[in-house]
Amino acid sequence: MKFKYFSFPKDTYIFMLIPFKIIYFRQKVNRIGFNTILTSLEGKSFTRPADKRFLSKFNKFYKASTFFLVRVFKDPNPCMIRSLILYGLCTRYNVKASLLTGVSKKEGVLTGHSWLEIDGNPINENKTFISNFTIIYEI
């Protein structure tokens with residue numbers, strides 16, 4: 001059975017895995033901090049380029065993690081945890097990806113955003129939106 005981007009029962013494991021990944025990374029961020037996590041991820045080298053099959057799986061994980069973070073966990077800023085989950089997926093499949101964190105100041109308010117790039121292209125991100133951010137950290 002197909003539903004939006006997912007095939008059931010084949011993709012059921014994604015919906016079982018994502019809530020645990022969200023809880024894991026939220027606790028890790030609260031316990032040791034985002035900067036410490038980013039520092040621990042530095043220095044890893046990945047060799048495999050992203051193929052069509054991987055990008056399809058990546059998009060399913062992106063959609064599922066966004067759904068759970070926004071709809072179930074009521075997270076107003078899901079980008080940090082979602083980026084950590086998706087970067088973990090890339091490392092698991094040895095795909096070369098960059099996790100970027102940026103800041104932007106608009107009308108006196110400082111905001112932050114995290115996203116992933118594969119082969120230099122932001123994945124599932126609006127290019128004009130992320131162009132407003134000054135990159136402060138990149139892995």
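Hi everyone. What we have here is a predicted model, in which local features need pLDDT of at least 70 and side-chain atom pairs count only at pLDDT 80 or more, while totals for chains, interfaces and linings use all residues. Residues are numbered from 1 along each chain as its sequence is written, and side-chain values use heavy atoms, with hydrogens and water left out.

Four strands make an open sheet, ordered 5-4-3-6, with antiparallel pairing. Which strands sit at the edges? They are strand 5 (121–122) and strand 6 (134–138), each pairing on one side only. Two strands count as paired if DSSP finds at least two bridges between them. Strand 4, residues 109–118, is joined to strand 5 by 2 bridges, and glutamate 117 stands opposite proline 122 of strand 5.

Is glutamate 125 buried or exposed? It is buried, because its relative accessible area is 17%; buried means under 20%, exposed over 50%, and partly exposed in between, using a 1.4 Å probe and protein chains only.

Now the backbone. Most residues other than glycine have a negative phi, and most peptide bonds are trans. Here, the bond from phenylalanine 8 to proline 9 is cis, with omega near 10 degrees. Proline 9 belongs to the loop between strand 2 and helix 1 (12–32).

Glutamate 107, in the loop between strand 3 (97–106) and strand 4, has a positive phi near 55 degrees. Its relative accessibility is 77%, so glutamate 107 counts as exposed.

Lysine 74 also has a positive phi, of about 55 degrees, and lies in the loop between helix 3 (52–72) and helix 4 (79–92). With 62% relative accessibility, lysine 74 is exposed.

That lysine brings us to the surface. Which residues gather in a patch of positive charge? They are Lys4, Lys63, Arg71 and Lys74. Patch members have over 30% relative accessible area and no salt bridge, and like charges are joined within 9 Å. A salt bridge would be a side-chain nitrogen of Lys or Arg within 4 Å of a carboxyl oxygen of Asp or Glu. Lysine 4 itself is in the loop between strand 1 (2–3) and strand 2 (6–7), and is exposed at 71% relative accessible area.

Notes:
Patches are made of residues with over 30% relative accessible area and no salt bridge: like charges are joined within 9 Å, nonpolar side chains (Val, Leu, Ile, Met, Phe, Trp, Tyr) within 5 Å. Accessible areas come from the Shrake-Rupley method with a 1.4 Å probe; for residues, only the protein chains shown count as cover. Lys and Arg count as positive and Asp and Glu as negative; His and the chain ends are not counted. The place of a charge is taken as NZ of Lys, CZ of Arg, CG of Asp or CD of Glu.
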